[in-house]
Amino acid sequence: MPHVRREHKTSGEFERHFSFNRMLPGHARAVAGLTSSHEGSWLVSADGAGDLRVWDARSWADAARFKSNNKEPFFRVALSASARCIIGVRSSSLCAYACGERWTQQAVLPVMVNPETGEHSRWCCVAFSPAAVEVDDGCGVTGSDNLLAAASTTHLCVFDYSHGWSEDTPMRSHSILRYTQTSCITVMSCGAWVLTGHENGYVNVWNTYSLTLDRRIQAHDGLVTCLVASPLGARYGPRFASGGADFQVCVWRGEDWALEQGVLASREAASDKALDIGRALGVEDDSDDDEVSSACGGRHVDGSVGGTKPHDGGKRIDRGVSCLAFSRSGSWVGFGG
C-alpha cells in the first residue's frame with residue numbers, strides 16, 4: 001500500500017508524497033474489489049475466486065478471511081458508514097458479513113427474478129446510506145438510517161438491515177426494466193434520495209422510501225461510469241458528482257439537481273485529478289483532513305493488494321472516468337481514469 005507523507009507549504013497548502021509501503025499477498029485470483037473503513041482501521045479486499053479478506057490497517061495482519069464454496073467471483077465490495085457490515089457483490093447474490101470481534105457471514109441474498117421471462121437477473125452495484133452512526137438494534141433502537149441500496153438488471157432494491165442481515169431482511173423493490181441497464185449507484189447524504197447511473201447517460205433520482213422516480217437527469221454523453229455523494233460533514237448543501245465515458249466529471253446540486261460545475265478529463269491525462277469544490281462554493285476549509293471518503297480499487301493479475309496503478313500490458317484502457325471520491329471534509333473530489 002502507498003505510504004503518505006505530508007509537507008506543508010507557507011501558503012497553507014500541502015503536497016502528498018507516495019512511497020511504496022508493502023504488498024499484501026493472499027488472493028489466488030485478481031483483486032476485483034477494494035474498500036476501507038472511513039476511519040482507516042480496516043481494508044477489505046475481494047477477488048475473482050469469490051474469497052474476501054479483511055486487513056487490520058494498523059498492523060496489516062489478517063483480521064478475517066472468508067472462502068467461497070462455489071468460487072463465483074466478487075466484482076465489488078462495500079463497507080457500511082460506521083464499519084458494522086460488509087457487502088460482497090456477485091452476479092447471483094449479495095453476501096453480508098458482520099464486522100467486529102467476531103467476523104461472520106450473516107446472509108446470502110439471491111438476485112431477483114425477471115418478472116417477464118422468469119429468468120434470474122444479475123446484481124450490478126450497491127451503496128450504503130451515509131449515516132454517521134448506524135442504528136443499533138441490539139439496544140432496542142430501530143429506524144431508517146441502516147439502508148443498503150442495490151440495483152440489478154431488473155430491479156432497484158432498498159434493504160433495511162437495522163435488525164441485522166438474514167434471508168428475511170426487509171426489502172422494498174421497484175422494477176427498472178423500462179430503463180437502460182444500471183451502471184452505478186449512490187445514496188445522497190440526507191438519505192432521502194437514491195441515484196442510479198445508466199448506460200444511456202442518464203442519472204435517475206429515486207425517493208428512498210417510496211422508490212418512486214422523482215426525475216431523470218441527462219448527465220453524460222454515453223455511459224455513466226461512477227457516482228459519489230458529498231459527505232455528511234461538508235460545509236455546504238448536498239451535492240453529488242458523476243463521471244462518464246465521455247471523460248466529463250460533473251458536480252450537481254442536491255436541492256434542485258442543477259449542474260453546478262464540470263471538467264473535461266483529457267484522454268492524455270485522465271488520472272490523479274481533482275476539483276476544488278470548497279473554493280468553487282466559497283467555502284473555506286480549515287481542516288487538515290483531505291482523506292477520501294470513498295474510493296475505487298483496481299486489480300492485480302497476481303492476486304496481491306498493492307499501491308501501483310492497474311495496467312493492461314502497458315496500454316491505456318479508455319473507459320472515460322472510472323472512479324470518483326470526495327475528500328472526507330467535502331472540499332475536494334478526485335477522479336481517475
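Q: What makes the pairing of the N204 and R216 side chains a polar contact?
A: The two side chains come to 3.3 Å in this predicted model. A polar contact is a pair of N or O atoms within 3.5 Å; within protein, one must be able to donate a hydrogen and the other to accept it, and residues adjacent in sequence count only if both atoms are side-chain atoms. The model is predicted, so local features need pLDDT of at least 70 and side-chain atom pairs count only at pLDDT 80 or more, while totals for chains, interfaces and linings use all residues. Residues are numbered from 1 along each chain as its sequence is written, and side-chain values use heavy atoms, with hydrogens and water left out.

Q: Why is N204 called buried?
A: Its relative accessibility is 0%. Buried means under 20% relative accessible area, exposed over 50%, and partly exposed in between (1.4 Å probe, protein chains only), so N204 counts as buried.

Q: Which residues does N204 touch, leaving aside those up to four places away in sequence?
A: Y179, V194, L195, T196, H198, L213, R215 and R216. Contact here means heavy atoms within 4.5 Å.

Q: Where does N204 sit?
A: In strand β17, residues 202–207. Strands (E, at least two residues) and helices (H or I, at least four) are DSSP runs, numbered from the N terminus.

Q: What makes β15 and β18 the edge strands of their sheet?
A: The open sheet runs β15-β16-β17-β18 with antiparallel pairing, and β15 (182–187) and β18 (213–218) each pair on one side only.

Q: How do you know that β15 and β16 pair?
A: Two strands pair if DSSP finds at least two bridges between them. β15 and β16 (residues 193–198) have five, in the antiparallel sense, and T186 stands opposite L195 in β16.

Q: How do you know that β7 and β8 pair, and what lies between them?
A: There are four antiparallel bridges between β7 (residues 76–79) and β8, against the required at least two. L79 has I86 in β8 as its bridge partner. The two strands form a hairpin with five residues between them, and A83 in the turn has a positive phi of about 60°.

Q: What makes a set of residues a nonpolar core, and which members of the largest one touch the most others?
A: A nonpolar core is a set of buried Ala, Val, Leu, Ile, Met, Phe, Trp, Tyr and Cys residues joined through side-chain atoms within 4.5 Å. The largest has 19 residues, and I87, L94, W123, V126, L148, F159 and W165 touch the most other members. Apart from it lies another core of 16 residues, including W42 and F74.
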